[in-house]
Amino acid sequence: MNTDIGLSARLERISTDGRYLIVPMDHGITLGPVTGLVDIESTIDGITRGGADAVLTHKGTAPRVHPNKNGKGYIVHVNGSTVIGPDENDKRLTGTVEDALRVGADAVSFHINVGSDYEPDQMTQLADLCSRAADFGVPVLAMSYARGPGIDEQDPEALAHAVRLAEEVGADVVKTAYSGDAESFGRVVEATRLPVVIAGGSRGTDRETVEMVRGTMDAGAAGVSMGRSIFQHENPEAITRAVSAVIHDDADVDAALERAGLGIEA
């Protein structure tokens, strides 16, 4: 069986012309039923209408995803932890490649904290996941962060190490934190041949969000995997439309905000 065909087909389902606008909503395990996730159906409908290429959740919410994703891609996340547990960095397995396929996923994702006390186990688990996913032609999105004692989570050298690790163990797309500016993030992008996407982190203003996306693309990245900045927005469809304008249409910040009807913030 030629799994390369399946891999290519599934990558196309979660992207547009090699650019990625993914909205992760796996936070129900980490944070609980926060704003934007209680009525996850409406949120998914809005962001996919706004231009998201794919949404991401844990396997249990798949029945709530498929009727509302408007034909867009679906990624299942396979590890997690909670903010009320003993250590949020201690991500534990919550699913398998087979689980993801059973619930109709196009790809799987896995979170690794490079530099943490849990790095060895998480690296082994990610490598095993990549091997198993390759058997089925399923893409792996590695959420590879530089997190641990004494580590600056925005240090471009640490982030470069994190994204390169993802390539070395067999991932297909890698997500990491943004270093803060296009010049330094360019060094992160250059560290791997994988498509690099950034995390959104805590929500800022609309302009701050779109400026971060513009800087990311200027650095040569492939897009974003942006959660709270989108799904906790008062108008998830509009902010998705602004982010999509930058990623898919190469819009500048002002044009993207105007196209989404969000105005020009000072």
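Which residue takes a positive phi just after H9? Gly 220 does, with a phi of about 95°.

This is a predicted model, in which local features need pLDDT of at least 70 and side-chain atom pairs count only at pLDDT 80 or more, while totals for chains, interfaces and linings use all residues. Residues are numbered from 1 along each chain as its sequence is written, and side-chain values use heavy atoms, leaving out hydrogens and water.

Helix H9 (residues 206-218) has 13 residues and reaches 18 Å from its first C-alpha to its last, close to the 18 Å expected at 1.5 Å a residue, where the expected span is 1.5 Å times one less than the number of residues. Helices (H or I, at least four residues) and strands (E, at least two) are DSSP runs, numbered from the N terminus. Because 10 of its 13 residues are buried, H9 is largely enclosed by the rest of the structure; buried means under 20% relative accessible area, with exposed over 50% and partly exposed in between (1.4 Å probe, protein chains only).

The UniProt record, an unreviewed entry, places the feature "active site" at Asp 26, Tyr 145 and Lys 175; its positions are given in the numbering used here, feature names are shortened, and annotations may be inferred rather than shown by experiment. Two of these residues are set out below.

Leaving aside residues up to four places away in sequence, Tyr 145 touches several residues, including His 111 and Lys 175, where contact means heavy atoms within 4.5 Å.
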